[in-house]
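User: Please show me how to read some features of a protein model. I would like the general idea first and then the case at hand.

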Amino acid sequence: MNYGERQINKKIKKLASSRSKILNRVYLYSIIFLVILLISAFFVILSCFAGALHGLIDSAPVLAETELMPSGYATTIYDTDGNVTQTLAGSDANRIYMDISKIPLCVQHAFVAIEDARFYEHKGIDLKAIVRAVYSSVISNGSIEQGASTITQQLLKNQVFGGGNETSIFAKLTRKIQEQCLAVDLENNMDKDQILEYYLNTINLGQNTLGVEAASRRYFDKTVSELTVSEAAVLAGIAQSPTEYNPITRQENNTARRKLVLKAMLEQEYISEDDYEDALGDDIYSYIKDINEKKVSEKRTVNSYYVDAVIDSVVKDLKQELGYTETQAYNAVYRRGLKIFSCQDNEIQDICDKVTNDDSYYPKNTVKYLSYSLSVKNQTGEVAVYTENDIKAFYSGSRGKEINLYFKKKKDASKCIKAFKKSLIKKGNEIVSETINFIKQPQTSFVLLEQSTGYVKAIVGGRGRKTADRTFNRATFSKRQPGSTFKVLSTYLPALDTCGMTLATVEEDSPYKYPGTNIQVKNWDGSGYKGLITIRNAIVSSNNTVTVKILEKVTPKTGFDYLLNLGISTLVDRKQTEDGKVYTDIQLPTALGGLTDGVTNLELTAAYASIANSGIYTEPVFYTKIIDHDGNVLLKNRPDTKKVMKESTAWLLTDAMEDVISEGTGTAAKFDGIKMAQAGKTGTTSDNTDFWFEGYTPYYTAGIWSGYDLNTAQPSGNDHKRMWKDIMEQVHKKKKLEYKKFKKPDGIVSCKICTKSGLLASMDTCPYADDGSYIRTEYFARGTQPQKKCNIHISLNG
């Protein structure tokens, strides 16, 4: 372009014009205004952001050390030798707290190396790690390959922010900002070791374990203090994702992660090259597999009957002694890290379990009871639950066929189930769950306790495999008719103790009807009546008519009161049904064990234990004390004791029950493998529905029950007595207990009596009656022995 002098002058004139000057100024001012506006907007936005950030920081939770500490701990139950018998853990509670001083450095360093390499250097947040994570995200197209959360932040996320499961980006950003601020604040107020201790006790390590101690026991069957570098690397490898890096179900993934842990430990100089090579060469996963198979085979995930009884006892005591609600009590048991010291002797328990589950003690070709549960959801979402009783009703109703739910073959039961389900499952219905169990029959319960302390050493709540926690416990909950075992407790105990009778007191065994009825009392053996017999003989032969006649004299109310005092809580004083019928156990049939509801094996055995314990009743207990998580004694279980009979009465009853075993109805329970004093009483109900034997030695009292769950008749037999005998013999042998007699108290005297009159034997007449078999030496509490001679036998030579 040609710019001559003329054009230049023309341009200068144009620029110098007033109009141009105005336009230039407006343009300049506009630019300045826009810049000021942008700067103002920037500061406004910055102020808003700062305000929002300040608000987020101010709204962060107030940090308290108690929030960082684990809130749920597993409860441990111990036996009498201090061995762990069961661990109880509710949701988020399967952890065992371990002080940092007891966590080896190899474990601490393994987690630090892989989770937070600069843990001992940063002040809560690691800026280098954040930059590294952002850079990694950029070069990987937004995929976050590396984490930037420190151990301190992870602890806060898990304990304060509920695990960080936000559903929106804003919520996640809010938590991250608050988490970082609190991390800095925490590190300014708490040392690194304490932070690491809380972290290692709260982290989820798979297989329902929380913290390194619970995980160590689960994967390696030992305490964390015994872990090696190799084992520590396995645990640290789980931390990033307990599901993805589970060493049992995801072994390959954990193997790769473990190598990264070991490499990080080597690079950060926590281990030497030799340690690194040794750990890499360790066949750790074979060991983990063996431990897992062992734990699965032990089936310790299902509580034993004894553990169930311990839980029931603890819950009851927490409510009664400390005022807990039901919910609080169960939370304490499953989430408060209690140490419960039980009375269980595992050596005794193993013997009881082995014998009662031995099929050779039971009739051949026995049946199994079908236990069934079916949940069905209909089209409206309602769920109906059906049981085996519905199957029975289905057959009797729609098919006109009665079934009793006992099956010899499982395939027969399966056919019944299939037909029942077919009748239920219609279009749109859905089976939610189905549970099928076959329960062996006849069943058995067994209770063994130490009468001097009341400690329950072992119980068997049923035979066969236990499939779930808190299932029906036949030893503690099942109420059965006690049969003749009740004769001693309801009748002969009060007769000797307060009613002026003795073992020599005679009563006529003759036809007898319950007063006001036409119901005749029959003797169990059908051998006819025996005329005049003593109370001793009535106990030994388990005579029915004499027992009822004696209770009539004692009075049913007196017998009832004695039973209550012996801890029998299932008795009925008076109960009226909706149809007007009245039931009571203050009646003569109670003499023979004819009760409204029945008794439990536990309470019946405890009642007999009071006789074995010289007349002192001691409440049966399943645990001795409970220690809370902080090491304080929460409960001391001192059993209640009381005198329920004279010492002389207890000994006299024992002496009579020694004869039950040596020559009466209990001979099948007589020891032949050991020498030990023993006493006991048999019990059988109508149609042999229930078989009982309650007996004791100077050391232990034990009771056994056997029968069908649905009160089915059984053939006569002595298998339950043989089980009782074999268990007690093995227990006494195992415990190496020396021979003892039952201690005779002062005040017991003896004299020769005539068993037909109960009076002093006349040497002129009684020896000649029935070849002198009516004469025997009898024992009495001093002052109750007869003073007169026999007045039944006379001399014909007069």
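Predicted model: local features only at pLDDT ≥ 70, side-chain atom pairs only at ≥ 80, totals over all residues.

Analyst: Residues are numbered from 1 along each chain as its sequence is written, and side-chain values use heavy atoms, with hydrogens and water left out.

User: How many helices and strands does the protein chain have?

Analyst: Helices (H or I, at least four residues) and strands (E, at least two) are DSSP runs numbered from the N terminus. The protein chain has 25 helices and 22 strands.

User: What share of the 798 residues is buried?

Analyst: Buried means under 20% relative accessible area, exposed over 50%, and partly exposed in between, with a 1.4 Å probe and protein chains only. Of the 798 residues in the protein chain, 47% are buried.

User: Why is helix 21 described as largely enclosed by the rest of the structure?

Analyst: Nine of the 11 residues of helix 21 (residues 544-554) are buried, so the rest of the structure largely encloses this helix. Among the buried residues are Asn544, Lys549 and Val554. Their cover includes helix 19 (485-497), strand 10 (506-509), strand 11 (531-534), helix 20 (535-541) and helix 22 (556-565). Just after helix 21, Thr555 takes a positive phi of about 85°.

User: How do the axes of helix 4 and helix 11 cross?

Analyst: Axes are lines fitted to C-alpha atoms, for helices over the stretch in contact, and angles run from 0 to 180 degrees between N-to-C directions. The axes of helix 4 (residues 105-115) and helix 11 (residues 251-267) come within 8 Å and cross at roughly 100°. That makes helix 4 roughly perpendicular to helix 11; angles under 35 degrees count as roughly parallel, over 145 as roughly antiparallel, 65 to 115 as roughly perpendicular and the rest as oblique. With contact taken as heavy atoms within 4.5 Å, the residues of helix 4 that meet helix 11 include His109 and Glu115, and those on the helix 11 side include Arg257 and Leu260.

User: Which residue forms a salt bridge with Glu115?

Analyst: Side chains of opposite charge can pair when their charged atoms come close. A salt bridge here is a side-chain nitrogen of Lys or Arg within 4 Å of a carboxyl oxygen of Asp or Glu. Glu115 pairs with Arg257, the closest N and O atoms being 3.6 Å apart. Glu115 lies in helix 4 and Arg257 in helix 11, so the pair ties together parts that are 142 residues apart in sequence. Both Glu115 and Arg257 are buried.

User: Where do Arg536 and Asp655 lie?

Analyst: The side chains of Arg536 and Asp655 meet in a salt bridge (2.6 Å, N to O). The pair links distant parts of the chain, with Arg536 in helix 20 and Asp655 in helix 24 (residues 647-663), 119 residues apart. Arg536 is buried at a relative accessible area of 3%, and Asp655 is buried at 12%. Salt bridges that share partners join Arg536, Asp655, Asp659, Arg776 and Glu778 into one network.

User: What does Val540 contact beyond its neighbours within four places in sequence?

Analyst: Val540, found in helix 20, is in contact with Ala656, Asp659, Val660, Glu663, Gly664 and Thr665 when those neighbours are left aside. Val540 is buried, with a relative accessible area of 8%.
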